[in-house]
Amino acid sequence: MDFSTITESALGGNLLGTIPLGDIVLYVTPFNLFLFACLLVFTFLIAISKTETQTEASFGSLENKEVSIGEKEFKQRRFLSIICGIASAGAMITGDLFNFTLFMALIGILNIGIVSAVKQTSVLNSAYNYGLIAMMCSLPLFGGASIILASTGTLSLAVLSQITPSPMVIFGAILMLIGIIGESGVAPFFATKAEMFRTPGSPFLVIIHLSSLFIIIRAIEILLIILM
């Protein structure tokens with residue numbers, strides 16, 4: 001395909017170029033490059049940061065309780081946070097719909113992993129509930145992408161931007177939207193992730209917020225590309 005014929009405004013601005021990596025083709029536009037760079041910067045800052053000691057109020061006592069994490073847990077969270085940041089950055093510039101869904105599923109697993117070593121019942125219960133929602137929503141997420149592939153014969157966002165959406169493509173996009181909402185843990189599923197942020201370990205918990213925020217932004221762009 002001649003990528004110079006792509007409707008560039010549908011891909012987030014002027015097409016700056018493509019980076020073919022086998023079946024994965026990265027489409028570089030100002031919008032996607034900005035999101036990619038922001039996530040890499042945040043990931044770098046998180047990677048070089050140290051955890052903060054969390055202070056919890058003790059009811060019935062005048063003394064506050066300080067909660068910190070050990071060295072082993074610190075290294076585990078830092079590693080998973082870096083991988084989560086890289087996966088989120090990859091989702092920002094991938095030009096393949098299926099690879100975007102794979103990045104989303106990976107980010108959901110990493111979000112759970114970041115708090116998996118916490119010894120707090122409420123946090124682990126929240127992570128467990130979020131995991132259940134993420135697993136259930138993986139069906140409409142991948143199912144929607146499969147329906148779009150069966151209807152159009154392609155998962156390339158560049159090609160999909162040139163195809164008039166059929167009813168089946170619209171149905172697939174709606175299924176994907178349901179899956180994206182559940183995987184990212186936004187409303188109405190945000191309650192499943194709320195308690196996960198009560199655990200000590202800042203700034204590693206920030207990447208959970210950032211990955212969800214940037215994924216939603218990128219997902220909106222992708223759905224508009226498919227439906228325009």
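## Handedness and packing of α3 and α8

Helices α3 and α8 cross with a left-handed sense, meaning that the near helix is turned anticlockwise from the far one by less than a right angle. The model is predicted: local features need pLDDT of at least 70, side-chain atom pairs count only at pLDDT 80 or more, and totals for chains, interfaces and linings use all residues. Residues are numbered from 1 along each chain as its sequence is written, and side-chain values use heavy atoms, with hydrogens and water left out.

Helix α3 spans residues 97-114 and helix α8 residues 206-227; they pack at an angle of about 165°, with axes 11 Å apart. That angle makes α3 roughly antiparallel to α8 (over 145 degrees; under 35 is roughly parallel, 65 to 115 roughly perpendicular, the rest oblique). Axes are lines fitted to C-alpha atoms, for helices over the stretch in contact, and angles run from 0 to 180 degrees between N-to-C directions. Contact means heavy atoms within 4.5 Å.

From α3, the residues Leu97, Phe100, Met104, Ile107, Asn111 and Ile114 meet Ile207, Ile208, Ser211, Ser212, Ile215, Arg218, Ala219, Ile222 and Ile226 of α8. By class, this contact of α3 with α8 holds eleven nonpolar, three polar and one charged residues (nonpolar: Ala, Val, Leu, Ile, Met, Phe, Trp, Tyr, Cys and Pro; charged: Asp, Glu, Lys and Arg; polar: the others, Gly among them).

## Packing of α6 and α8

The axes of α6 and α8 come within 11 Å and cross at roughly 180°. The two helices are therefore roughly antiparallel to each other. On the α6 side the contact is made by Val169, Ile170, Ala173, Leu177, Ile180 and Ser184, and on the α8 side by Ser212, Ile216, Ala219, Leu223, Ile226 and Leu227. Its composition is ten nonpolar, two polar and no charged residues.

## Chain and core

The protein chain has eight helices and four strands, in the order β-β-α-β-β-α-α-α-α-α-α-α from the N terminus. Helices (H or I, at least four residues) and strands (E, at least two) are DSSP runs, numbered from the N terminus. Of the 228 residues, 45% are buried (under 20% relative accessible area; exposed is over 50%, partly exposed in between, with a 1.4 Å probe and protein chains only). Of the contacts between residues at least 6 apart in sequence, 71% join residues at least 24 apart.

The largest nonpolar core has 46 residues, and Met92, Leu97, Phe100 and Val115 touch the most other members. Such a core is a set of buried Ala, Val, Leu, Ile, Met, Phe, Trp, Tyr and Cys residues joined through side-chain atoms within 4.5 Å. Elements giving two or more residues to this core include α1 (30-47), α2 (71-93), α4 (121-152) and α6 (167-184). Beyond four places in sequence, Phe100 touches Ala91, Thr94, Ile180, Ile215, Arg218, Ala219 and Ile222.

## Individual buried residues

Threonine 101 lies in α3 and is buried at 0% relative accessibility. Its contacts, leaving aside neighbours within four places in sequence, are Leu141, Phe142, Ala145 and Met176. The C-alpha atoms of threonine 101 and serine 138 are separated by 8.7 Å.

Alanine 145, in α4, is buried with a relative accessible area of 2%. With the same exclusion of residues up to four places away, alanine 145 touches Leu97, Thr101, Leu155 and Met176. Serine 81, in α2, is buried at 1%.
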